[in-house]
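Thanks for coming, everyone. Let me put the model on the screen, and then we will walk through it.

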Amino acid sequence: MRCEEIEPLIYLWKPGELNVSEQQAVDEHLSGCSLCKALQKELLGQNLQITSWNVKNKENHKADFYIERIFEKVRAIEDNQTISLPGRIKQFSIYCFRHPVYRYMSAAIISALVVTFLLQNYIVYRHISALEAKFGNPSSYAAVIENKPILLAKEDFSFIKANSIKHGIKKPELNWFKSSQFLLMTMRNHRLIQELASHNSGIEPFDIIKIYNSSVFTGESKRNQYNMEEKL
Amino acid sequence: MDASSKNQIFKEWVNRYYEYGFRVAYKIIGNEEDSRDIIQDAFLKVWIKFEDYNEKNKFSTWFFTIVSNLCYDRLRRIKRASSYSDSLAIEVKPENESIENTMNLKEFKDTLIKLSDNLSPKQKIVFVLRDMEDLEIAEVCEITGMDPEKVKANLYYARKQIRANLISFKKLEERI
């Protein structure tokens with residue numbers, strides 16, 4: 001046999017890859033061909049080299065983590081038919097929190113929410129403190145009417161409450177922050193505002209508006225305002 | 001079979017074959033995350049098709065049939081295997097010191113990628129199972145679903161390509 005014909009058989013040198021007649025043909029050819037013998041030797045060396053490589057996972061704990069994930073997925077498959085939607089959401093969240101990335105992400109989101117809440121409260125506290133410093137009368141109230149703050153006497157507040165009930169409004173204080181001296185109110189009812197204006201004609205709110213006209217007091221969106229009006 | 005014994009058997013299989021399956025998938029795919037996904041999918045298939053398993057056959061063969069099919073699908077989708085993870089390293093057996101002397105560990109990694117990069121998915125799977133995992137031809141046939149002649153043909157082309165790649169790689173190394 002010629003070298004070109006025998007070459008494919010030389011590549012299949014491992015035991016069990018050639019039948020008896022093919023093996024005989026190879027042996028006969030190799031005994032008289034130094035080039036093909038060199039090829040066979042090279043292939044043996046190549047195999048020795050390749051089999052010497054092995055993939056080693058340095059982080060064995062990783063395997064445990066992934067194995068546990070398989071069991072979780074299997075449990076999820078089993079429970080899928082019986083578990084309700086809230087149960088599935090819970091299961092998904094548990095699965096998510098097991099993964100370090102999701103754990104850190106959720107911790108970051110919670111921290112951000114806490115910080116935002118604290119910051120918001122701090123801003124409100126600062127505004128209330130400013131109000132208290134300027135109008136330090138414990139019997140006074142500051143109301144935000146149509147996004148404009150005005151100063152109210154204690155009896156005005158009672159008037160608002162009474163009129164709210166009259167107009168069928170259970171909670172006139174839609175958005176309020178209470179401190180030791182001030183109650184900030186947000187009102188969005190035109191009829192109620194009109195009655196308050198006629199009742200509390202002595203109030204001069206314009207100076208106070210300049211001071212209080214901040215994002216805390218004007219932060220309510222117009223859309224909410226209209227929605228509330230429609231409701232009322 | 002009751003649910004508890006099914007669970008028990010499945011757990012045994014996962015604990016016993018996870019690492020081994022991962023290594024085989026990794027050698028074929030060349031990417032850690034993809035290999036982990038493949039092994040996870042393979043075990044989920046094992047669980048779903050648990051009743052189909054014939055106890056007369058070896059579990060490993062059945063399992064690697066699933067793994068090799070998943071690898072084949074994955075390889076067809078990603079033409080080029082992505083980079084190796086830092087957490088993995090090519091380990092050199094101490095008895096092959098001469099090889100270790102000619103190539104360092106980093107080069108081994110690169111070589112492995114370069115060597116098998118231009119093989120077809122079938123050639124790659126056959127090559128890994130036969131030459132890297134040292135499985136018998138009959139087992140490779142059973143796993144891949146190919147007949148012996150096709151396995152041999154793929155093996156021949158794979159070895160020839162790997163040899164050519166090794167030669168050009170060494171030439172390149174000498175030039176550097």
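**Two chains, one walk-through**

Start with chain A: of its 232 residues, 35% are buried. Buried means under 20% relative accessible area, exposed means over 50%, and partly exposed lies in between, with a 1.4 Å probe and protein chains only. Keep in mind that this is a predicted model: local features need pLDDT of at least 70, side-chain atom pairs count only at pLDDT 80 or more, and totals for chains, interfaces and linings use all residues. Residues are numbered from 1 along each chain as its sequence is written, chains are lettered from A and ligands numbered from 1 in the order in which they are written, and side-chain values use heavy atoms, with hydrogens and water left out.

Chain A has 11 helices and five strands. Helices (H or I, at least four residues) and strands (E, at least two) are DSSP runs, numbered from the N terminus. Now contacts, meaning heavy atoms within 4.5 Å. Take the contacts in chain A with a separation of 6 or more: 65% of them are between residues 24 or more positions apart.

Look at helix 1 of chain A, residues 3-11. Its buried residues are A:Ile6, A:Leu9, A:Ile10 and A:Tyr11. What covers them? The cover includes helix 2 (20-32) and helix 3 (34-51) of chain A, together with helix 8 of chain B.

That takes us to chain B. Here 50% of the 176 residues count as buried. Chain B has eight helices and one strand. Along the sequence, the pattern is α-α-α-β-α-α-α-α-α. Among contacts in chain B between residues at least 6 apart in sequence, 68% join residues at least 24 apart.

Next, helix packing. Two packed helices are described by the angle between their axes and the distance between the axes. Axes are lines fitted to C-alpha atoms, for helices over the stretch in contact, and angles run from 0 to 180 degrees between N-to-C directions.

First pair: helix 2 (residues 32-48) and helix 3 of chain B. They pack at about 130°, with axes 9 Å apart. Therefore helix 2 and helix 3 of chain B are oblique to each other. The cut-offs: under 35 degrees is roughly parallel, over 145 roughly antiparallel, 65 to 115 roughly perpendicular, and the rest oblique. By class, this contact of helix 2 with helix 3 of chain B has 12 nonpolar, no polar and five charged residues.

The angle is about 140°, and the axes are 9 Å apart. So helix 3 and helix 6 of chain B are oblique to each other too. From helix 3 of chain B, B:Ser68, B:Cys71, B:Tyr72, B:Leu75 and B:Arg76 take part. They meet B:Pro121, B:Lys122, B:Lys124 and B:Ile125 in helix 6 of chain B.

Most residues other than glycine have a negative phi.

Last stop: helix 8 of chain B, residues 148-175. Its buried residues include B:Leu155, B:Ile162 and B:Phe169. B:Lys150 is in helix 8 of chain B. Buried or partly exposed? B:Lys150 has 49% relative accessibility, so it counts as partly exposed. B:Lys150 and B:Lys122 are 28 residues apart in sequence and 9.8 Å apart in space, C-alpha to C-alpha.

How values were computed:
The expected span of a helix is 1.5 Å times one less than its number of residues. Ala, Val, Leu, Ile, Met, Phe, Trp, Tyr, Cys and Pro count as nonpolar, Asp, Glu, Lys and Arg as charged, and the others, Gly among them, as polar.
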